[in-house]
Amino acid sequence: MESGLLPRFFERVTRRSFNDLALDDPPVMRYLADLLTRFARTEALYAVRDLPGRHLDTVADSLMAIRRAWNWDSPDFEPEAEQALRRHIGDYTLFMTGVFREHVERLAVTGYYLNEGRRAYRFVAETARSGGRPDAPLYRRLSDRFEHYAGALSYARKVYFRSEHWPPGVRPDDPFFRTLVTE
């Protein structure tokens with residue numbers, strides 16, 4: 001697919017979905033469009049690594065990596081890694097409960113994902129706030145309205161991820177878009 005089409009597609013889809021759902025939060029809308037663009041590449045879902053060559057495949061793996069990052073006696077002691085791990089947990093759980101809700105429900109982890117996603121974004125918001133970073137309110141809203149934004153992603157998938165809305169140049173056999181089709 002032509003470079004730049006995917007970000008524009010997701011920006012258009014999130015804008016339309018936010019308009020349809022009367023959600024007025026442009027920073028979150030942009031964040032969700034970026035999230036969809038990043039996670040369109042499967043390897044981004046597992047971008048966080050624990051050890052060289054070992055992906056963190058589950059939320060529980062990521063939580064265990066946070067615990068190891070704080071182990072004083074370990075050569076992996078790196079408490080500053082918690083911020084990136086928590087953000088990834090928030091992003092991953094939001095993406096999965098929004099775009100692949102049926103899969104998350106089949107795994108019977110919906111409540112767990114919702115709780116861990118809210119908790120992760122709350123941590124990111126609080127550490128951003130304590131560091132005086134301007135993105136703290138964004139992460140706070142992602143935490144406070146986690147289910148609403150997951151619902152917006154779910155709505156976008158059901159309404160706008162249909163093949164007639166795909167950007168020009170997407171092949172019918174494109175693996176990413178094929179997983180999104182709800183027809």
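The structure is a predicted model, in which local features need pLDDT of at least 70 and side-chain atom pairs count only at pLDDT 80 or more, while totals for chains, interfaces and linings use all residues. Residues are numbered from 1 along each chain as its sequence is written, and side-chain values use heavy atoms, with hydrogens and water left out.

**View 1. The chain as a whole has 10 helices and two strands.** Helices (H or I, at least four residues) and strands (E, at least two) are DSSP runs, numbered from the N terminus. Along the sequence, the pattern reads α-α-α-β-β-α-α-α-α-α-α-α. Of the 183 residues, 45% count as buried; buried means under 20% relative accessible area, exposed over 50%, and partly exposed in between (1.4 Å probe, protein chains only). Among contacts (heavy atoms within 4.5 Å) with a separation of 6 or more, 61% join residues 24 or more positions apart.

**View 2. The largest nonpolar core has 39 residues.** A nonpolar core is a set of buried Ala, Val, Leu, Ile, Met, Phe, Trp, Tyr and Cys residues joined through side-chain atoms within 4.5 Å. The residues with the most contacts inside this core are Phe10, Phe18, Leu32, Leu94, Phe95 and Leu142. Two or more core residues come from each of helix H1 (5-20), helix H2 (26-39), helix H5 (81-99), helix H7 (110-130), helix H8 (136-144) and helix H9 (146-160). H2 gives the most, with eight residues. Leaving out residues up to four places away in sequence, Leu142 touches Val28, Tyr31, Leu94, Tyr121 and Tyr149.

**View 3. Helix H8 packs with H7 and with H2.** Two packed helices are described by the angle between their axes and the distance between the axes. Axes are lines fitted to C-alpha atoms, for helices over the stretch in contact, and angles run from 0 to 180 degrees between N-to-C directions. The axes of H7 and H8 come within 8 Å and cross at roughly 160°. H7 is therefore roughly antiparallel to H8; angles under 35 degrees count as roughly parallel, over 145 as roughly antiparallel, 65 to 115 as roughly perpendicular and the rest as oblique. The crossing of H7 and H8 is left-handed, a term used if the near helix is turned anticlockwise from the far one by less than a right angle, with clockwise being right-handed. On the H7 side, the residues that meet H8 include Arg118, Tyr121 and Arg122, and their partners in H8 include Ala136, Tyr139 and Leu142. H2 and H8 pack at an angle of about 80°, with their axes 10 Å apart. H2 is therefore roughly perpendicular to H8. Pro27, Val28 and Tyr31 of H2 make this contact with Leu138, Tyr139, Arg141 and Leu142 of H8.

**View 4. Arg101 is a partly exposed residue, with a relative accessible area of 23%.** The C-alpha atoms of Arg101 and Ala150 are separated by 8.7 Å, although these residues are 49 residues apart along the chain. Apart from neighbours within four places in sequence, Arg101 is in contact with Met96, Thr110 and Leu114.

**View 5. Ser17 lies in helix H1 and counts as buried, at 2% relative accessibility.** Ser17 and Tyr155 are 138 residues apart in sequence, yet 6.9 Å apart in space, C-alpha to C-alpha. When neighbours within four places in sequence are set aside, Ser17 is in contact with Ala152, Tyr155, Ala156 and Tyr160.

**View 6. Thr127, in helix H7, is partly exposed, with a relative accessible area of 26%.** Thr127 and Gln83 are 44 residues apart in sequence, and their C-alpha atoms are 7.8 Å apart in space.

**View 7. Ala22 and Ala108 have positive phi values without being glycine.** Ala22 has a phi of about 55° and is found in the loop between H1 and H2. Ala22 is exposed, with a relative accessible area of 71%. For Ala108, phi is near 60°, and the residue is placed in the loop between helix H6 (101-106) and H7. Ala108 is exposed too, with a relative accessible area of 68%.
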